Every structure is written in structure tokens, then in C-alpha cells.
Amino acid sequence: MEIIKIYTDGACRGNPGNGGWGVYILNGEKREKIFGGKTVTTNNEMELTASIKGLEYFSNSSKIELFTDSKYVMDGITSWIHNWKKNGWKTASNKPVKNSSLWTELDKLNSFHDVNWHWVKGHSGDEGNDMADKLANQGIDNL
């Protein structure tokens, strides 16, 4: 099975404000670029949306290396989500988890695919992350 690389990023001008998400996919020799935007959103919503859109792109269960520069997404999907689900989507301080509908969707996709999550430092010259950032900004520009 070919390993697919997905780079994701979210951006927001104002927080909340106009936001965009970008996904750069490396699938064998193919390069795919997808993006979108939303008015009145948050950076965290756009980061989550980017990961969701990247994983949704593939209808067949796939082996995926997903790269994000969001500690929120990275820590949430690999660590925090286990207790959130156990606690009925409540945080350790018994408050509702923010963006729970997006987290639920991401969790489903993460279970459907075989995803290996990676955190990359944003704006550090990583070619895939830089492209995802450019696409996220294009999502805002196209609103």
C-alpha cells in the first residue's frame, strides 16, 4: 500500500475572523492542492477543518502520514481525545469540549484511515507546510 503524505494548515485574519484551510497532498507522483474558507471562524476551527478535508479526500481506507503545525490538532487527536470521549466530550475541568463536532468527525476519519500524525514547526521552510499555509491563505482570499 502506497503511503500518502498530507500537509494541512489553517489560517485566520482576526480570531474570530475570516478563515481558510489548505491541504497539500503527495500521493505517489500526484500532487493535489485543495483549500476553502469560511467567514467568522477561528484558527482552531480552520486547523481542524484542514485535517478533516485532507482525510475526507480519500474514500478508501489509506495509509497516511499527516503533517500539521497545530499543537492543538496534534495533541487533541493523539492524546486529549481519549479522555474527552471517556468523559462524554467534557474537558478535565468538566466544560464542554470546544469544536466537538469537528473533533468527532476527525476521530471517525482517523479511525477509518491508518494515520500517523506528525507535528512540524510552522513557517520554518518545510516545503509541504509552506504550501499548505499558502493554500489556507488562498482560502481566505477567495471568500
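These exercises work through a predicted model, from strands to a helix to salt bridges.

**Exercise 1. Strand pairing**

Task: Find how strands E1 and E2 run and how many bridges join them.

Solution: 
- Step 1. Start with E1, residues 3-14. Ten bridges join this strand to E2, and the two run antiparallel.
- Step 2. Pick out one pair. Lys 5 stands opposite Leu 26 in E2.
- Step 3. Look at the connection. E1 and E2 make a hairpin, with two residues between them.
- Step 4. Check the turn. Two residues separate E2 and E3 in this hairpin, and Gly 28 in the turn has a positive phi of about 65°.

**Exercise 2. What covers the strands?**

Task: Decide whether E2 is mostly covered or mostly open. Then find which strands the buried residues of H4 pack against.

Solution: 
- Step 1. Count along E2, residues 17-27. Nine of its eleven residues are buried, so the strand is mostly covered; buried means under 20% relative accessible area.
- Step 2. Turn to helix H4, residues 127-141. Its buried residues include Met 131, Leu 135 and Ile 140.
- Step 3. Join the two. The buried residues of H4 pack against E1, E2 and E3.
- Step 4. Check the helix length. H4 has 15 residues and reaches 21 Å from first C-alpha to last, close to the 21 Å expected.
- Step 5. Inspect the N-terminal end. Asp 126 caps H4 there, with a side-chain oxygen 3.1 Å from the backbone nitrogen of Gly 128.

**Exercise 3. Salt bridges**

Task: State how many salt bridges the structure holds. Then examine three of them.

Solution: 
- Step 1. The total is five.
- Step 2. Take Lys 38 and Glu 45. Their side chains meet at 3.2 Å, N to O. Lys 38 is partly exposed at 38%, whereas Glu 45 is buried at 17%.
- Step 3. Take Asp 114 and Lys 63, whose closest N and O atoms are 3.7 Å apart. This pair links distant parts of the chain: Asp 114 is in E5 and Lys 63 in E4, 51 residues apart. Asp 114 is partly exposed at 42%, and Lys 63 is partly exposed at 24%.
- Step 4. Take Glu 105 and Lys 108, at 3.8 Å between the closest N and O atoms. Both lie in helix H3, three residues apart, about one turn. Residues three or four places apart in an α-helix point the same way. Glu 105 is partly exposed at 26%, while Lys 108 is exposed at 53%.

Terms used
Residues are numbered from 1 along each chain as its sequence is written. This is a predicted model: local features need pLDDT of at least 70, side-chain atom pairs count only at pLDDT 80 or more; totals for chains, interfaces and linings use all residues. Side-chain values use heavy atoms; hydrogens and water are left out. Buried means under 20% relative accessible area, exposed over 50%, partly exposed in between (1.4 Å probe, protein chains only). Helices (H or I, at least four residues) and strands (E, at least two) are DSSP runs, numbered from the N terminus. Two strands pair if DSSP finds at least two bridges between them. The expected span of a helix is 1.5 Å times one less than its number of residues. Contact means heavy atoms within 4.5 Å. A polar contact is a pair of N or O atoms within 3.5 Å; within protein, one must be able to donate a hydrogen and the other to accept it, and residues adjacent in sequence count only if both atoms are side-chain atoms. A salt bridge is a side-chain nitrogen of Lys or Arg within 4 Å of a carboxyl oxygen of Asp or Glu.
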